[in-house]
Amino acid sequence: MHETLNETEIEQEINNLRISIQHHDHRYYVLNSPEIGDSQYDNLMHRLRELEEEFPQFLTQDSPTQRISENVATSFSTVLHPEPLLSLSNVFTPDELQLWLDKAVKQYPELETNFILEPKIDGLAVSLVYEKGKFVRGATRGNGQEGEDITDNLRTVRGLPLTVNPIGTKTIPERFEVRGEVYISKFEFDELNKRRAEQNSPLYVNLRNTAAGSLRNLDPKVTARRNLSVFIYQLGWTENNDLFDSHQKTIEWLASLGFPTNPLMKNVSDTNQIVDYCKNLEAERDSLNYDIDGVVIKINNLASQNSLGIVGREPRWATAWKFAAEQATTKLRDIKLSVGRTGVLTPYAELVPVFVGGANISVATLHNLDHIQDLDLRVGDQVVVQRAGEVIPQILGPVLSQRTETSAIFEMPLVCPDCHSSVTKKDAEAAHYCSNVNCQGRLARQVEHYVSRQALNIEGFGEERASLLVRNGCIKSLADIYLMQDKKTQILNFKNRLDRLRQVARKYGKKNDDRVVQHLKRIDQLDKFPGIREKWFQTLNVGLTESKTLPLHRLLIGLGIRHLGETTAKLIAERYRTLTNLRLANYEDILDITGIGEIVATSIYEWVREPYNQILMDKLVSLNVNVEENQIAFGDALQGHKIAITGTLTRWKRPEIQNLIRQQGGEVVTSVSKNTTILLAGEGGGKKRQDAIKQNVRVIDESTFDGMINSIRMEEST
Ligand SMILES: [Zn+2]
């Protein structure tokens with residue numbers, strides 16, 4: 001059909017296609033709101049290429065088909081910036097911000113406090129020159145005075161207009177320069193790493209370095225594949241310096257020309273607003289699709305900017321509010337192992353402490369040996385550490401350029417660091433395990449897990465206490481948690497004996513008696529149990545009693561069976577109802593449950609058959625721990641009772657006793673009246689006690705109440 005068109009018509013169609021494609025590029029890459037689908041866009045491009053091939057006399061450099069140059073450079077030539085690209089001073093606190101402003105006001109007393117705030121993109125600063133509305137040259141910032149000519153690479157950045165057209169009657173300067181920051185979006189970064197993973201190439205760890213490397217690649221085709229983006233943040237030099245009177249108007253004009261500008265730019269008029277903006281943006285930085293490392297604060301009025309001028313290489317009219325770095329580089333001192341509740345040996349990194357993400361980081365998990373090998377981490381390496389928000393710190397990878405010959409490849413130890421039993425590995429899994437079911441490190445973690453909220457919810461064991469009780473031999477199996485009351489007697493007897501020994505020692509004046517010294521040592525050891533006092537046993541008893549009534553799935557969670565989470569524990573408990581049934585179940589039957597896969601089924605089937613676990617389950621049953629999915633209902637012995645409480649109770653906290661009363665069908669009342677049936681009285685408690693006597697209400701003490709509750713429970717658990 002071309003034959004029927006004359007040259008003018010063809011040129012017209014080519015021009016229309018270019019304007020149309022530029023419009024859709026702008027909708028897609030700058031405004032993020034495309035008006036047409038990919039295939040329609042491809043059709044436009046295809047038609048344009050077709051015409052340009054057939055009529056090469058109309059092919060121009062600014063055509064959208066010419067974004068990607070075929071030429072591979074051998075090096076970049078140097079470009080002298082007509083006006084230097086400045087760097088910014090930094091502030092980290094509201095005080096430092098105020099100091100910056102005070103200096104500016106001192107320099108220029110007429111300063112109007114009106115500021116433009118914008119996110120500080122963590123990318124690469126570039127200078128872009130336009131002539132007669134066409135992009136003609138792009139350069140890196142370099143040292144600020146001169147940079148590298150990367151025009152061909154910058155042309156591949158799709159959000160960057162190759163042509164800008166004056167809108168309406170406005171004209172644009174014959175020559176002008178804009179400045180911006182080139183970056184890779186988090187989305188494109190992830191896509192890039194996905195492609196690299198498929199090709200078994202090492203993954204990129206840092207967005208900024210990746211953007212920089214992509215932009216400075218000698219082959220523009222490589223740059224094009226990285227899908228880089230750009231934000232324009234400033235009009236540099238122009239042939240007409242009096243276009244606008246404020247920075248804001250300049251940016252709005254640039255946006256109207258089709259340049260990508262940051263939508264989060266804000267105009268504010270005092271330092272409190274600046275601080276608010278900075279803090280809010282720091283809190284939201286993870287939700288942005290690009291990395292930022294702070295906020296750029298600029299005086300809005302351009303005449304004021306000129307009056308303030310430059311000191312050294314920094315403008316007085318702008319500064320950067322810097323965020324706490326989310327990534328930092330530090331030395332990997334060593335790789336160690338921690339023992340988990342299933343016996344998994346998890347490697348973790350010991351780091352030279354580094355301040356990142358607002359905290360000092362000295363350890364980071366390394367998950368498993370495969371992970372270490374995938375990252376190619378070696379002890380002694382400089383590594384990139386990331387900590388964003390409240391997320392646990394992670395190591396992204398080594399800085400290979402700084403690797404020294406002394407760096408050492410990590411090898412999995414042959415024995416458990418805790419109990420020195422052999423280390424094993426199942427072929428299908430990445431994890432290594434301690435082979436010893438009695439490993440103390442492992443048991444301590446099991447105790448922590450057993451008492452945790454989602455499992456048996458028993459208060460009183462922290463990480464440290466669980467570990468000490470295991471290492472002192474007080475807990476040799478999970479069932480021993482229920483026997484802590486017995487240890488209490490031991491401890492008390494022991495203390496009594498020690499007191500007697502002390503008396504004897506005093507009597508005979510043999511203060512250095514070996515036995516005394518020995519016992520003092522043991523007492524010291526026991527005293528190291530943090531917070532294990534009379535009160536600890538009381539709290540523990542409440543939790544232990546309650547835990548014995550919980551449904552089976554809570555116990556299954558507590559047992560710490562590998563791969564068994566809350567959802568799967570419920571499915572199992574609903575299917576088998578009792579632990580006895582579960583112990584008799586065959587593998588196929590477990591696998592038959594909807595929602596249970598082979599891994600979980602195998603894990604449960606093997607766990608209940610393990611002799612060590614069978615002993616544990618028998619012990620728990622003998623301790624009256626509920627092993628049925630039906631939760632043991634509390635009695636109704638207090639049904640109809642209205643119970644008031646007074647004085648100081650030693651066995652329960654108020655909420656606990658109130659809970660217990662309600663679970664027994666009783667009602668808690670706040671004052672004693674004719675309708676009150678029982679007053680539970682602790683130490684003290686004058687008025688209610690007098691009221692009770694007056695109203696002829698039965699007054700009982702704690703041990704009477706405890707007896708009632710316990711007798712009820714004993715009946716129920718048999
Ligand atoms: Zn071990």
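**Buried residues, sheet and cores of the predicted model**

The model under description is predicted. V182 is found in strand β7. Leaving aside residues up to four places away in sequence, V182 touches G123, L124, V126, V157, A211, L215, L228 and V230. V182 and D122 are separated by 60 residues in sequence, whereas their C-alpha atoms are 8.7 Å apart in space.

Strand β7 (175-183) is also among the elements that cover the buried residues of helix α8, together with β3 (115-121), β8 (229-238), β10 (292-299) and α10 (302-308). Helix α8 spans residues 247-256, and H247, T250, I251 and L254 are buried in it. Seen down the axis of α8, these buried residues fall within an arc of 95°, so they line one face of the helix. Just after α8, G258 takes a positive phi of about 105°.

Strands β3 and β10 also belong to an open sheet of five strands, with the order β2-β13-β10-β3-β9 and mixed pairing. Its edge strands, β2 (89-91) and β9 (266-268), each pair on one side only. On average, neighbouring strands of the sheet are turned by 35° against each other, direction ignored. Strand β2 runs parallel to β13 (residues 318-322), and three bridges join the two. The bridge partner of S89 in β13 is T319. Helix α3 (residues 94-107) lies across β2 and β13, and runs at about 135° to β2.

Nonpolar side chains in soluble globular proteins tend to be buried together. In the model, the largest nonpolar core has 49 residues, of which V447, V451, I481, L556 and I604 touch the most other members. A second, separate core of 36 residues includes V164, A211, F231 and L254. Of these, A211 is one of the residues touched by V182, and L254 is one of the buried residues of α8. In the largest core, L556 touches I561, L564, A569, I572 and A573, not counting residues up to four places away in sequence.

The mean pLDDT of the chain is 86, and 89% of its residues reach 70 or more. Over residues 712-718, pLDDT stays under 50, and the model has nine contacts beyond four places in sequence for this stretch.

Terms used. Residues are numbered from 1 along each chain as its sequence is written. This is a predicted model: local features need pLDDT of at least 70, side-chain atom pairs count only at pLDDT 80 or more; totals for chains, interfaces and linings use all residues. A nonpolar core is a set of buried Ala, Val, Leu, Ile, Met, Phe, Trp, Tyr and Cys residues joined through C-beta atoms within 7 Å. A residue is buried if 20 or more other C-beta atoms lie within 10 Å of its own, exposed if 12 or fewer, and partly exposed in between; C-beta atoms are placed from the backbone. Two residues are in contact if their C-beta atoms, placed from the backbone, lie within 7 Å. Two strands pair if DSSP finds at least two bridges between them. Helices (H or I, at least four residues) and strands (E, at least two) are DSSP runs, numbered from the N terminus. Axes are lines fitted to C-alpha atoms, for helices over the stretch in contact, and angles run from 0 to 180 degrees between N-to-C directions. pLDDT is the predictor's confidence in each residue, from 0 to 100. The arc is that of the directions from the helix axis to the C-beta atoms.
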